[in-house]
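This briefing is for a reader who is new to the structure shown here.

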Amino acid sequence: MKNYPYVITISSEKGGVGKTTLATNLAIYLKALAEDLPVSVVSLDNHFTVDKMFSIKGQKTTGDVTDLLLETPGASLLHTGQYGVDYIPSSMALDDLRDAIKGAMVLSRLLAISEIPGILIIDTRPELNIFTQNALYAADRVIIPVKDMPSLENCRNIFDLFDKRGLDKKALSIMPCLIDARIKYQGPFKDHKSLLRAFAINRGYRCSEGYISKSPKVESLNTNPEGKIYPILTHARGTDVYGQYTQLGREILDEYRSVQQPRSMLFHQWLVSEETRKAESLQNRLSRLKDTCLLCGDNMAPNNARKPSFYYEASDGGACGFLDEHCGSTLLLSCLYDTQPTLQENDPLLLMFRESARESVYAIRPFRNGTNPCADVRRFTMDGSPVQKKIHPLVEFEEKGFTKTKNALYSFLFEALGEYPGKMRDAFLMIYPTNPQRPESVLAEETYKRLVKMMRHVAQQIGETSHLTNVET
Ligand SMILES: Nc1ncnc2c1ncn2[C@@H]1O[C@H](COP(=O)(O)OP(=O)(O)OP(=O)(O)O)[C@@H](O)[C@H]1O
Ligand SMILES: [Mg+2]
């Protein structure tokens, strides 16, 4: 049985609302309430409160939170620290990774395969940077501490982020923190927490039942001559906060126990099904490939002497396969520069063209100009800008003296798009360069997606979109 963490993220754009105090102390309370439950903490902030609180004197640590984000399996980075809480060491170098984190779902994927057991609590910075966004999207439960109206106003951005991603906002809950019990109001909202809760509910935010009071005792736990950070559980007995954390810990445990499948497990299931789908789609695409080069008729199977250097696909999905390097470049050269389609392998013109031929994408479309069959041949850069356009009359045979040879362009188009003699389907062929060492890599998910995108772009340029119906999206 694999381990999937139940993830709790503590987040607020407002600084000093008690996020780190909550993240670290909640971990200690959870562990105290359920000894056998693995509880871990990681900080996506670049301070070391977590380490100061949990590291054991003399403990050697290997790896830190940056390694987690750079794909090291999360469970291997856990260190069992004080109070039985596991932690992933923090890092000063976290900010250096900002540009390396591609997207806001990276942590969701990494936690899905992390094998971290039990509950994982993530502390975040007071800003909605890419790390915080990742922590929000990976969470089963987000606790947003608010201590006043400005911090409550700031929550809007987190709720908006969830809206934008189409995520269930039920995961988000506001938690009144640092509540000064001495402040009393006239009217329906008697105190600070009731007022904050009423405002939160009025804005459509879910609000926790509990709250955390402001306590001078708690405040003193990390301002002492020893430079230590003491836990509320052991050093603030008898305060309201002590009881409030016990209550919060119990609520979280009940929630954790009622969840059958944490998000990390669901995400893992999705990853596995995505992999299966990708593998099936690739097999599908491979099975549609023609065995031979449509120009020379030679076998295009791997390990054959031929070099499959171009991939072609009909815009209606009716034909696809590889073209041998010599055949492909000779055909394209003759179409674009009217050279003889029978150039030798070492012809200097051909050698020169080969260099640049691989940096372009081509489209060939048969059409009728009145009663005359023609081919519209175009060349594009790899990012889709048009480079060249040529119109050729399409003839089946070329006569030279007494000899009659079959026209290469005609044969190619007819093999790929022909229906019956003289009639071709209303589609075009796109020719895309491939790596001759691994030609089928063009059909791998990401590359093929780019190819399909390019085909749509080319179709628009040619002004023909009706025949894209069978192309995968
Ligand atoms: N219940 C409490 N009563 C009194 N003081 C508290 C309480 N909880 C936290 N504090 C104090 O409030 C200050 C801010 O707390 P903390 O560092 O947890 O906030 P934060 O939201 O993580 O801040 P930042 O946004 O800077 O990371 C700290 O000095 C902490 O000791
Ligand atoms: Mg903090």
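Helices are DSSP runs of H or I with at least four residues, strands are runs of E with at least two, and both are numbered from the N terminus. On that basis the protein chain has 15 helices and 17 strands. The model is predicted.

**Overall form**
- The protein chain has a radius of gyration of 32 Å, whereas a compact globule of 473 residues would have one near 23 Å.
- Along the principal axes, the C-alpha atoms of the protein chain fill a box of roughly 110 × 55 × 35 Å.
- Of the 473 residues of the protein chain, 40% count as buried.
- Among contacts in the protein chain with a separation of 6 or more, 68% join residues 24 or more positions apart.

**Around ligand 1**
- Ligand 1 is surrounded by 17 residues, and the closest are Gly15, Lys19, Thr20, Thr21 and Pro126.
- Two or more residues of this shell come from each of α1 (19–33) and α8 (216–220).
- The element that gives the most to the shell is α1, with 3 residues.
- By class, the shell holds 6 nonpolar, 7 polar and 4 charged residues.

**Helices α12 and α13**
- Helix α12 (residues 325–337) packs with helix α13 (residues 348–357) at an angle of about 100 degrees, and their axes are 10 Å apart.
- Angles of 65 to 115 degrees count as roughly perpendicular, so α12 is roughly perpendicular to α13.
- On the α12 side, Ser329, Thr330, Leu332 and Leu333 meet Leu349, Leu350, Phe353, Arg354 and Ala357 of α13.
- The residues of this contact divide into 6 nonpolar, 2 polar and 1 charged.

How values were computed: Residues numbered from 1 in each chain as written. Chains lettered and ligands numbered in written order. Predicted model: local features only at pLDDT ≥ 70, side-chain atom pairs only at ≥ 80, totals over all residues. Near = placed C-beta within 6 Å. Nonpolar A, V, L, I, M, F, W, Y, C, P; charged D, E, K, R; others polar. Rg over C-alpha atoms; globule rule 2.2 N^0.38 Å. Buried ≥ 20, exposed ≤ 12 C-beta atoms within 10 Å, placed from the backbone. Contact = placed C-beta atoms within 7 Å. Axes fitted to C-alpha atoms, helices over the stretch in contact; angles between N-to-C directions. Parallel < 35°, antiparallel > 145°, perpendicular 65-115°, else oblique.
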